[in-house]
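Thanks for making the time this morning.

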Amino acid sequence: MNKTVFAITPPFTQLNTPYPATAYIKGFLNTKDISCFQADLGIEVILALFSKKGLTELFDFINQKSEVFSENSQRIIALQEDYIQTIDAVILFLQGKNPTLSHVICQENFLPEASRFAQLEDLEWAFGSMGMQDKAKHLATLYLEDISDLIMECVDPHFGFSRYAERLGRSANSFDELYAVLQQNYSYIDKILVKILAERMPEIQPKLVVISVPFPGNLYSAFRIGQWVKQNYPATKVAMGGGFANTELRSLSDARVFEFFDYVSLDDGEAPLEEILKPLTPKGESSNEEKVSTFKRTFILEDEKVVYKNNSLLKDYKQSEVGTPDYSDLLLDKYISVIEIVNPMHRMWSDGRWNKLTMAHGCYWGKCTFCDISLDYIKIYEPIAANLLCDRMEEMIAQTGENGFHFVDEAAPPALMRALALEILRRKLTVTWWTNIRFEKSFSRDLCQLLKASGCIAVSGGLEVASDRLLELIQKGVTVAQVAQVTRNFTEAGIMVHAYLMYGFPTQTAQETIDSLEMVRQMFEIGTLQSGFWHQFAMTAHSPVGMYPEQFSVQKASNTVGTFANNDLVFSDPKGTDHEAFSFGLKKSLLNYMHGICFEYPLQEWFDFKIPRTKVPKNYIENALLEDDDFMLKPTSKVVWLGKKPLVNYSSTTKKGQVFQTANLTFHDKKETFSIKLNQAQGDWLVEILDKISVKNKKVYTFQEIKTDYEAAGFEDFELFFYNKPVNVLRDYGLLGL
């Protein structure tokens, strides 16, 4: 099966779903009639290691060692037969192929247990009596993590399920350390990796191996793959791209990198890849007649020096032109769903397989000062039309058999989310989806209801620092009160909310950190947040803070540009707050809040050093949520009806000798039946207009158009009618103003 391109995701990213970069690449190459085979070598290495054969070989390797291991590792080694006996059944269960095993796992005498089980939470509280599958997934995850701990201690200290040798890739200004490790013999994990490569390469016989490196935890394996290919298939070209290169390698100058790769490309990969392929593409496979590459945003080695080539006149492709992500070749039925933390939102990242798509290239906001907004992947904003998005969703459902979608946007635009939701509902697609957002005021109660109706189950967004002063410094464009209102709207619609939280932003004081924690505590207690994660601020070279540190009252430790990776910057903050000291307490408190407990604890309880008292009133968030939800619509607001057509019965009433005709409108939704009464003429008009504004129709009517229709029917005082009780009842059942 000779293929022109072999696209690889190196170990390790996720266990439950493939990282989408190679699927995006293959989808684009399909539009160019260029053959491509893709592989996620992360899941393939994991499956080879976590198998009966893999564990047998692992324990044989460990048993030959003479070191004295920790008590935990000694226990796992003593129970090695139990691990070998159970591993295949557990992996099948986590792949969704052996669901009845949950009964045995939950009896808690099937799986061998080591130190991870000592942290076991109250499973009855966490999962209840009905959550047997989830409980078993959590226990099986702890079982795998025990084996992972053994591997890290006894075999390879760099091992991790979602990253490998991450430290070697993080802030590696110099290539020296990584290069030195790459000169050493293969590690135990490396041997599994190259064995898989050795089986694949003769089958595929590619002219170009493309390695996407999204994170520092993929970098070491990417270099090992490049090294092996160059040594064993010297005629095959090797290219690297992806998120790590885009952010870290923009000033690459170390020639030794090109012992492993022929090309390192930046930013959107379609046009650079097409240029690289020009001289490699067989005649007739591509429409390109010109076979000499002029390169686009690509580093190469010329005369033993690293040279950046960006001479191509080829324009970058619009998002409508890059094709539908193609997941063929990937082992979609072999990914492993795990539950690491007992939290319904947090599990979204590790449980279940998601088709990955992008609503819009770049970020529509593009102002946050901690973010790499100077880079093209954020700076250049280009949305995709909702009908094209739905076309791609339908193609991917047909290909993968999965109807779950994770939109991997920097921040999904509210207007596009609205259009997408309407298109999903119009096409009557049954999908579930989630994405990343900004907590901006556009997410009204009604928009959140629409998103829920279309299948949106969760959103994640950056609250960052719950301090209005710092949010303004970050240029987030929101306030804490506004975030509380938006998260309330999502929660009341039944959409789970995860908040990214930050501490250690320039000039942030200890007082602001504690006040931020109190804001977060209140939001969890009142129920507007379900999940969160604290990140310590990192200054990056391509963010406004990194480019103009003096504007944020901080100082870079050095202006020296390294020869390899350059993104994370060391800096000093004259405020002098020891942000690292807050790390453990912030994370421990949040873990408890996510479980719905310990809200009554004083904040001092989470820290082993003296902290300032919070200055945030105890009812700050509660008061923020008391503000009226104003339903007064603008003339341009869209009005949509999600419900069914009502049944109409007419009746007559006599009052003071006059006969009045009344229309009784009875509505049925999935849960209940309700009725409203109007005079016959208005009732007939309402039935007709509800049919016009039904979500099943392609045309979406504005508030002004409905008002005009009402007045054309001979009625007056439209606002009085629209905001009166009968119509207001419909708001609770699917009449939305957007």
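Predicted model: local features only at pLDDT ≥ 70, side-chain atom pairs only at ≥ 80, totals over all residues.

Before the first residue, one convention: when I say that two residues touch or are in contact, I mean heavy atoms within 4.5 Å. With that in hand, phenylalanine 223 touches Phe175, Leu178, Leu182, Met240, Val257, Phe260, Phe261 and Phe564, where residues up to four places away in sequence are not counted.

Residues are numbered from 1 along each chain as its sequence is written, and side-chain values use heavy atoms, with hydrogens and water left out.

Phenylalanine 223 belongs, together with Phe50, to the residues with the most contacts inside the largest nonpolar core, which has 167 residues. By a nonpolar core I mean a set of buried Ala, Val, Leu, Ile, Met, Phe, Trp, Tyr and Cys residues joined through side-chain atoms within 4.5 Å, and buried means under 20% relative accessible area, with exposed over 50% and partly exposed in between, using a 1.4 Å probe and protein chains only. Helix α8 (residues 132–154) gives the largest share of this core, 10 residues, and helices (H or I, at least four residues) and strands (E, at least two) are DSSP runs numbered from the N terminus. A second, separate core has 27 residues, among them Leu633, Ile676, Phe703 and Leu730.

Let me turn to the sheet. An open sheet is formed by 6 strands in the order β8-β11-β12-β13-β14-β15, with parallel pairing, and two strands count as paired if DSSP finds at least two bridges between them. At the edges lie β8 (355–357) and β15 (531–536), each pairing on one side only, and from one strand to the next the twist averages 20°. Between β8 and β11 (residues 404–407) there are 3 bridges, and asparagine 355 stands opposite phenylalanine 405 in β11. Helix α20 (residues 480–493) packs on this sheet, touching β12 (432–437), β13 (456–464) and β14 (496–503), and its direction makes about 155° with that of β14. Helix α21 (residues 510–526) also packs on the sheet, touching β13, β14 and β15, and makes about 165° with the direction of β15; these angles run from 0 to 180 degrees between N-to-C directions, with axes fitted to C-alpha atoms, for helices over the stretch in contact.

Which helices are largely enclosed by the rest of the structure? In helix α14 (residues 270–277), 8 of the 8 residues are buried, so the helix is largely enclosed, and its buried residues pack against β1 (5–9), α1 (21–31), β3 (208–212), β4 (237–241), β5 (263–265) and β6 (298–302). Helix α18 (residues 445–454) is largely enclosed as well, because 7 of its 10 residues are buried, with a cover that includes α17 (414–427), β12, β13, α20, α28 (725–731) and β25 (735–737). Just after α18, glycine 455 takes a positive phi of about 115°.

Finally, threonine 662, in strand β22 (residues 658–668), is buried with a relative accessible area of 15%. Leaving aside neighbours within four places in sequence, threonine 662 is in contact with Asn649, Tyr650, Ser651, Thr653, Lys677, Leu678, Asn679 and Gln680.
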